[in-house]
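Subject: Structure handover

Hello,

Here is the structure for you to look at. My notes on its cores and pockets follow below.

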Amino acid sequence: MTTTLDVTPLSGVLGAELRGVDLAEPMSAETLAEFRQAFVEHHVIVVRDQDLTAEQQMAFARQFGELDTHPFVEGQAAHPEVLDVITEPDDRVNFGGGWHTDVTFLEEPDLGSVLYAVDVPPVGGDTLFADQHAAYDALSPTMKSMLDGLVGIHSAGPQYAPGGTSTKSKSMRTKNADVAERRVEHPVVRTHPESGRRSLYVNGAFTIGIEGLHRDESAALLRFLLAHAVQERFTCRVRWAPGTLAMWDNRSVQHYALHDYGGHRRHMRRVTIKGDRPR
Ligand code: SIN
């Protein structure tokens with residue numbers, strides 16, 4: 001395969017910046033295959049200096065699969081699949097603020113998310129990512145065999161039920177609070193459908209327990225796993241500028257939108273790609 005993309009790693013563990021592609025245009029089959037290979041290998045892909053309308057961002061994402069619509073957050077009127085992720089200068093709640101994997105409360109959580117920076121604060125507002133394959137690999141063989149077969153319980157309740165954290169955002173409009181408490185089950189360790197690598201699959205926003213354990217056992221194990229999963233040694237950091245696009249593999253990473261720019265506005269545009277049932 002001829003190489004057309006220039007790939008520069010973002011940290012020692014995950015993330016890569018790609019150069020040599022204009023995402024406003026459809027990619028050739030060859031470039032798309034390279035992009036996809038880099039995505040599965042590095043889990044977070046950053047492409048800078050893009051100029052994308054919402055339609056072009058959707059068309060880019062559709063090259064990787066069907067788009068999803070967030071069940072609890074209102075999208076754009078013309079394009080329900082597109083979320084404007086906005087934090088106003090006086091907003092106390094920051095959408096995506098806290099380590100999480102997107103929409104694990106769904107039976108088939110998204111394959112990935114594509115975030116495009118429209119308006120960024122003069123300082124701060126970076127997004128952190130943590131590699132959940134690396135987090136799994138770093139566990140002891142005994143802990144790995146203990147986790148084998150365990151099932152996590154996930155729910156949108158903590159964020160989107162009445163009074164949930166995300167319902168308090170001034171800038172984002174949430175919906176369907178009455179069905180947010182629904183629960184779904186996913187393996188605590190999942191296998192990536194493309195790379196075959198195993199990864200930890202619990203997150204602090206949506207994993208509310210572990211099936212079959214007493215409440216205090218489940219809380220203690222989750223506390224350990226959630227802290228273990230996001231250690232600095234598993235992370236990379238994306239600094240945004242208008243026109244930066246990042247696409248992350250939601251099957252491999254957790255992420256955290258920092259809110260360290262009080263008094264400024266941040267506006268990102270997000271679309272998500274449908275995924276499959278974690279196994
Ligand atoms: C998200 O969690 O999807 C938002 C991430 C960000 O705004 O950096």
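Which residues of the largest nonpolar core touch the most other members? They are Val-44, Phe-95, Phe-105, Phe-129, Tyr-160 and Trp-240, in a core of 28 residues. At least two core residues come from each of β3 (44-47), β5 (83-87), β6 (112-119), β13 (235-238) and β14 (245-249). A separate second core has 26 residues, including Ala-16, Met-27, Ala-38 and Val-82. A nonpolar core here is a set of buried Ala, Val, Leu, Ile, Met, Phe, Trp, Tyr and Cys residues joined through side-chain atoms within 4.5 Å; buried means under 20% relative accessible area with a 1.4 Å probe, protein chains only. Strands are DSSP runs of E, at least two residues, and helices are runs of H or I, at least four, numbered from the N terminus.

This is a predicted model: local features need pLDDT of at least 70 and side-chain atom pairs pLDDT 80 or more, while totals for chains, interfaces and linings use all residues. Numbering starts from 1 along each chain as its sequence is written, and side-chain values use heavy atoms, without hydrogens or water.

The largest pocket has a volume of about 390 Å³. Asn-94, Phe-95, Gly-96, Gly-97 and His-100 are the closest to its centre among 29 lining residues. β15 gives the largest share of that lining, three residues. A pocket is an open set of points on a 1 Å grid over the protein atoms alone, where a 1.4 Å probe fits, with protein on both sides within 12 Å along at least five of seven lines; lining residues have an atom within 4 Å of a point. Volume is the space filled by probe spheres set on the points, which are joined across faces, edges and corners.

Regards

Terms used:
Buried < 20%, exposed > 50% of the residue type's maximum accessible area, 1.4 Å probe, protein only.
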